[in-house]
Amino acid sequence: MGAIEPAAANRSLSTIRTELEFLRESGLLNPMQFQSIMSQLPQPGGIPSSYIDPRYAQGANNYVNMPQLAQATQDPNHPANPQHPKHGAWAKKLGEKLGNAAIFGAGATAGSDLVNSII
């Protein structure tokens, strides 16, 4: 894909700004959302925005450190070790929560069916 012509880029950005202003005036975007989006668009004339989302910043340390995790599984005192007494406790808790949610959902469905049959 080749480089986009500056005139075409400026037309596209102008269209985006116009549409965002319409959404703000329509009440679909609140002023804070509008400002957040507008601050991320390149400025007219091709000057890039100075805003960088911290989640996508260069050098962001938001990855799993596999060597550290592997080392933790070797430590018998760490819950990631299969011989640790609390290994898998999160899965048990998750199962309990899903079971409770299923029971609640079934009860809510039965209750709504009962109410709807009365009405």
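Of the 119 residues in this protein, 10% are buried. Buried here means under 20% relative accessible area, exposed means over 50%, and partly exposed is in between, with a 1.4 Å probe and protein chains only. Before I go on, this is a predicted model: local features need pLDDT of at least 70, side-chain atom pairs count only at pLDDT 80 or more, and totals for chains, interfaces and linings use all residues. Residues are numbered from 1 along each chain as its sequence is written, and side-chain values use heavy atoms, with hydrogens and water left out.

First, the overall layout. The protein has four helices and zero strands, in the order α-α-α-α from the N terminus. Helices are DSSP runs of H or I with at least four residues, strands are runs of E with at least two, and both are numbered from the N terminus. The accessible surface is about 10,000 Å², and carbon and sulfur atoms account for 62% of that. Such areas come from the Shrake-Rupley method with a 1.4 Å probe; for residues, only the protein chains shown count as cover. As for contacts, meaning heavy atoms within 4.5 Å, take those between residues at least 6 apart in sequence: 20% of them join residues at least 24 apart.

Now some individual residues, starting with helix α1. That helix covers residues 6–26 and includes L13. Is L13 buried or exposed? L13 is buried, because its relative accessible area is 14%. Beyond its neighbours within four places in sequence, L13 touches L41 and P42. L13 also lies 8.9 Å from Q43, C-alpha to C-alpha, although 30 residues separate the two in sequence.

In helix α2, residues 31–40, we find Q33. At 38% relative accessible area, Q33 is partly exposed. Its C-alpha atom is 9.9 Å from that of L20, 13 residues away along the chain.

Helix α3 spans residues 66–74 and holds A72. A72 has a relative accessible area of 14%, so this residue counts as buried. Which residues does A72 contact, leaving aside neighbours within four places in sequence? They are H78 and N81.

Helix α4 runs over residues 89–118, with W90 in it. W90 is exposed, because its relative accessibility is 62%. Together with L94 and L98, W90 makes a nonpolar surface patch of about 370 Å². Patches take residues with over 30% relative accessible area and no salt bridge, joining like charges within 9 Å and nonpolar side chains (Val, Leu, Ile, Met, Phe, Trp, Tyr) within 5 Å. A salt bridge is a side-chain nitrogen of Lys or Arg within 4 Å of a carboxyl oxygen of Asp or Glu.

Last, the rings. The charged end of R24 sits over the ring of F34, 4.2 Å from the ring centre. That label requires NZ of Lys or CZ of Arg within 6 Å of the ring centre and within 35 degrees of the ring normal.
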